[in-house]
Amino acid sequence: MNRTFYSSLIMDLSRAGRRGYALDDHGFENDNSIPGHLLRDSAPILPQVDEPTLVRHYTNLSTNNFGVDTGFYPLGSCTMKYNPKINEEIASDRRIAALHPCQPAETVQGALRAYDRLQHLLSEIGGMTRFTLNPYAGAHGELTGLMIIHAYHDDHGDLKRTRVIVPDSAHGTNPASAAVAGYSIVEVKSRHDGTIDPEDLKSKLDDTIAAVMMTNPNTVGMFEKNIPEIARMAHEAGALMYYDGANLNPMLGVARPGDMGFDVMHINLHKTFSTPHGGGGPGAGPVGVRAGLEKYLPCPRVDFNTVSGMYEVVTDDKNSMGHISSWLGNYTVELKALAYILSLGGQGLAQAGPLAILNANYIKDSLSDLYLLPIEGRCKHEFVFDGLKDKSTGVTTLHVAKRLLDHGFHAPTIYFPLLFHESLMIEPTETESPETLDRFIAVMREIALEAANDPDKVKDAPLYTPVRHPDDTEAAVNPRLNYRSL
Amino acid sequence: MNTHRYFPHTPQDITRMLDRCGATALSDLWADIPEELRLKHPYDIPAGLSEDSLRAYFDALMSDVKPLVCFAGNGFYDHYTPAVIQDIARRSEFLTAYTPYQPEISQGTLQYIFEYQSMICELTGLDVANASLYDGSTATAEAMLMCVAAARKRNRVLLSATVNDATRAVVATYARYHGINLDIIPETDLGVTDLEAMKKMLDKGDVAGAIFASPNRHGIIEDFTGVADALHSSKSLMALNTHASALGLLHTPAEWGADIAIGEAQSLGMPVNFGGPGLGYMAVTKALMRKMPGRVVGATTDANGQRVFVLTLQAREQHIRREKATSNICSNQGLMTLWAAAYLALMGAEGLAEVNRLSHNGACALRKALSDTGKVKDAFPGQPILNEFEVETIGIDADAVIKAGIEQGILAGVKTDDNRLLIAVTERRTPEQINRLVNLFKSL
Amino acid sequence: MIKYLPTHEYINVVDNDTALVGVSAYAARQLGNVVYVEAPEADEEFSAGEAFGAIESVKAASDLFAPLDMVIIEANDQVLDNSRLINEDALANWIVKVKILDPSQLDSLMDQDTYDAHCAAEH
């Protein structure tokens, strides 16, 4: 990663009089009917650049970035797998680009069929009955799922269910989504092995609990074996089971959330189904439900009319939880996921989970002599070290993570889950080769040795990245959030 | 087993790796999963497709889609998309990156988000913008949540009836479950927010904020003279929804005195893409900076003294605040902010003004020509519009117009009622296309 | 007299019905560099346990809770402008000056020894 740092902003390249566009003037008469007081007082100050300058700017800027195509991204809970190129080709079809969301259903049957096909495939993989693809991201899917649960209880006149149970090891989005959906949170504690204590859960289940939110495997990468019992207890108490699909990847070909007793789930297409993260988005967080809950799914909804043999878009339904998006979600992201599933096929999908599990266990078992493994046993897609085994050096998880950057690897997820002080969470995914894993293992071992021999060097990491130790405090105390503030 | 082309493992690799893990078969690695929970039968999903078969599959799907000349808007507009943007956005360093949590190796993402935030501030006139939200409708819902969070003890939000349907529906969903008392401000016969009614709704002093739109759901540019003052004197916030391209021409949210600007930014050069991905933007006054949901990128200095960028004000984010968070958003529309920044840089203020001028001129020409056919009349005569307007059909249903249009390869607009159509014109619509639409009406 | 809440706010009683409210030195250490403090305007009234403001560091954010029923007399502008003062001396750099509405509520708050034990147990 030792290269020159490109630091210009596009505004720095602006010169008065340059332009990067050409528009046809169709010669319509100039209309000045908008009253002056409804117009801007002055024009916005935007860059003025020509096309080649702009292309070179963003190309240079891209070299400051690390992506999955650049190198290994062992980022726990984020499933940074390879993003196939054919998916991009398919999703950038000009016929789709030109398709307006308000086009009548009879003119967009192929587009609706793609939506419905993906909905069916996700149902098969999740063990659910029906999916909506409308939510825009994982957190948005959680919110949608909880609103579906809310609508279900409301529909049954069960209005005193105002609380949601969330494990202390949950992704931070779980409690936040529950709060936005109008619920308060009841936390259940994890046991020593990171799994939920069914007895503790039982003591917290009553007729005020709307749902139990879980992810399985959980955030320390362990499978919750007691899940059938947990689901039974929750259902007996009248609560629904919500599956956070952030950790679905290792379950491909292995198990289905629907078979575990979950009622509602979301899937992060940008994790399990290979759509690119794009530096933060656009993603997609489809939500699936078991039989009996379909009517609460959000609108708009794509229904197949068996009489006419046509797909229809249902924009309003009194049973529906409501609208969560303007249209049918991040549609081109959905197409990429569909292309991925069809490319893998049933057999390929069934290889993904097992190989993801193999890669994770391989790294874990190659490093657990030097890094502290707080939870023994087979992990699934990811696992957590509680920092280095040797705590005497003062080298922390943050230092290890930053030192990895010097070696051309992205950092693992750090300081999450909150169960351990020095969490270092590693998820390799199935698309990394054994050679890459061996290189990573070698580097992790080297860092452990370095921590013992030259701890100050590790603490000063990264040493070789073009940007080093940005001052977070300065950024927060004196926020400079746009060009004018520089 | 022969693994799929996306997986590097050979059978020998698998054997060697299992050996390291003290296992003999892959299934040993999930022996802890109870038998009854394991996948009982292979997925009912066909065998994997080659690239050529995939192409053929999608080609067949997309052949079952009818391309139409687009006069639909309703929040998503068929503007020109510069070729270079698609190319830049496909660069894998941008495309395949995660959220920029490691600033040392993510300056590319951080910097284009900073550029985007800066340009959104210029467009809205407000002090700070976030790194984006999902779409215009969810951004509006976030504005509502923010009003309530900022007001602390108030739980009532006003929403103008002139905000577009999809956005109103999403805001109502968030309000219903979050337990916010959402009241609709009625609209007048002239198709704009009833400001007198709005002022009366402030009487009880319990309104956290009010949300408006301009251009509104009828395409009308609203006049908000005095609105911010009325709201602020009752300690309520003003939020204004505008589709981003229009901000290049119209009186800005800041100039109207709004505290929050939100809206859909798809109109900044993004294809309509069957509704997504679009881009939700949000900008606020400095006073509200720390109440703003979502990610924010800020400038700072690194150990080498360089100006660099980091995610900042993160303590407000859901992954740290958990159930105390006032929003659950933990991502943004990432790459689409690059799209918006590159578009605005290519167009500049002058180009954006030209897009608005050309769209406006085309829309006004069409509005007049349609009235002249005698088949429609202006739903709101004399009201100022930007690039979209509503008409009332005379003696014919809106459905029949749409149907006849499809036969001629035209999407005549969006049906808003049995005899109403909302019609949008962008700079891409040629005189020939506009004539075809006029002739379509004449033929009915 | 100084008393504490389990959530690490202190209340420093300066006379019969006036007190200074801030966060403890222990809390300031736990938070790390404080980057922002939010406080209400004068005359706002809060009941015991209600959130009256917020404090943020780079890595954490937390609400500030009212130790008892109180009315804000003033916020400490010096601290709002330069929140790092809290890291330097948490007691001197109080966040709000308040009017105590019900002095009897002081009895239910922790004294210094109880609070110290509470912090030790938390760690």
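Predicted model: local features only at pLDDT ≥ 70, side-chain atom pairs only at ≥ 80, totals over all residues.
Residues are numbered from 1 along each chain as its sequence is written, chains are lettered from A in the order in which they are written, and side-chain values use heavy atoms, without hydrogens or water.

Let's start with chain A, which is divided into domain 1 (10-29 + 37-62) and domain 2 (86-342), with bounds from an automatic or database domain assignment. Taken over C-alpha atoms, the centres of these two domains are separated by 41 Å.

Now look at where chain C meets chain B. The contact (heavy atoms within 4.5 Å) takes 20 residues from chain C and ten residues from chain B. On the chain C side, these residues divide into nine nonpolar, three polar and eight charged; Ala, Val, Leu, Ile, Met, Phe, Trp, Tyr, Cys and Pro count as nonpolar, Asp, Glu, Lys and Arg as charged, and the others, Gly among them, as polar.

About 1100 Å² is buried between the two chains, with carbon and sulfur atoms giving 41%; buried area is the accessible area (1.4 Å probe) that two parts lose on being put together, summed over both. Glu38(C), Glu56(C) and Ala61(C) supply 35% of the area that chain C buries against chain B.

Three salt bridges are counted between chain C and chain B, each a side-chain nitrogen of Lys or Arg within 4 Å of a carboxyl oxygen of Asp or Glu. Lys291(B) forms a salt bridge with Glu38(C), with the closest N and O atoms 3.1 Å apart.
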